[in-house]
Every structure is written in structure tokens, then in C-alpha cells.
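Thanks for coming, everyone. Let me put the structure up, and then we'll walk through it.

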Amino acid sequence: MHPFRKAVESGDLEAVAALLADDVVFTSPVAFKPYPGKAITAAILRGVCRVFEDFTYIREIANPDGRDHAFVFTAAVAGKKLQGCDFLHFDDNGKIDEFTVMVRPLSAAQALSEAMGAQFEQIAREAAEH
């Protein structure tokens, strides 16, 4: 099992943050503008953990060179079931430098947008602390 998946599934958010490159860029499924930097990305991921229910990775797809991974997951937000995928790119040091999330269906993406919007004040505060 990939260390990222293991950290997420065990709820070890410090281990997840340790896998992020300082210059990681997080691309949200519900925001147009990407979020650059480790502090904001780690804070967003903590926020996601607070809003996702029944989160489960169901498939892991890896490029043979190990630099690109796709982690397919299921979860629920506010009672709406969703399917999604974390697309990760790893830099030369094995750190995540690109983190893109996609989710479906639209109704679940909208529920995720609302739930994360409610988290964003706390996310911004957490990012400023790190």
C-alpha cells in the first residue's frame, strides 16, 4: 500500500502533511483557482477529513515510474454519496508537488463546496499558523 494511502486511511494527517512538498499546488474540485503551498494544502486536507463521511479508497492506479498516482475513493458529504479521485504527482524527492481532486456527481460536488465553504475560515486560520 502506498504511504499516502496508508496515512490517509489511518487518519494520520501529520504523515500526510509530511508527504507534501513545500511548493505543492492543490487543485480543488470546486474552486477555479489552485491553492499553492504546503500549509494551505495540509489545512484543506484536514478540512476535507472533517466533512467527508465513510471515506474509502477503492482503487489505486500508478504510473510505472512511481511519480504519478490516482487514488479512487468513495465518500459522502451531508448525506450525498460521491465518487472521486486524488491525482498526485511526486517530485524528485518523493514529495507530492501536485494534488488534484475530482468528484462526481454534481449534486455531491455542490454539497462538498458548501461544506468546505463552511470550513474555510478555520482552514485559513490553520494555514496561517503553520
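**Starting from one histidine**

Let's begin with H69. Leaving out residues up to four places away in sequence, H69 touches H2, E60, I61, A62, D86, F87, L88 and F90. Contact here means heavy atoms within 4.5 Å.

Before going on, the ground rules. This is a predicted model: local features need pLDDT of at least 70, side-chain atom pairs count only at pLDDT 80 or more, and totals for chains, interfaces and linings use all residues. Residues are numbered from 1 along each chain as its sequence is written, and side-chain values use heavy atoms, with hydrogens and water left out.

Back to H69. Is H69 buried or exposed? Buried, because its relative accessible area is 9%, and buried means under 20% with a 1.4 Å probe, protein chains only. Its side chain reaches the backbone oxygen of G66 at 3.5 Å. H69 is found in strand 4, residues 68-77. Strands are DSSP runs of E, at least two residues; helices are H or I runs of at least four; both are numbered from the N terminus.

Now zoom out. Six strands form an open sheet, in the order 2-1-6-5-4-3, with mixed pairing. Strands pair if DSSP finds at least two bridges between them. The edges are strand 2 and strand 3 (53-62), each pairing on one side only.

Look at strand 1, residues 20-27. Four bridges join strand 1 to strand 6 (residues 96-104), and the two run parallel. Strand 1 and strand 2 (residues 35-36) run antiparallel, joined by two bridges. What stands opposite V25 in strand 6? E98 does. In strand 2, the bridge partner of V25 is P36. Further along, T27 stands opposite T100 in strand 6.

**Helices and core**

Helix 4 lies across strand 2, strand 4, strand 5 and strand 6, at about 70° to strand 5. That angle is between N-to-C directions, on a 0 to 180 degrees scale, with axes fitted to C-alpha atoms, for helices over the stretch in contact.

Next, the largest nonpolar core. It has 37 residues; those with the most contacts inside it are F4, F52, F73, L82, I96 and F99. Such a core is a set of buried Ala, Val, Leu, Ile, Met, Phe, Trp, Tyr and Cys residues joined through side-chain atoms within 4.5 Å. Helix 4 gives the most to this core, with eight residues. As for F52, its contacts include F73, L82 and L112.

That's the tour. Over to you.

Definitions and conventions
Buried means under 20% relative accessible area, exposed over 50%, partly exposed in between (1.4 Å probe, protein chains only). A polar contact is a pair of N or O atoms within 3.5 Å; within protein, one must be able to donate a hydrogen and the other to accept it, and residues adjacent in sequence count only if both atoms are side-chain atoms.
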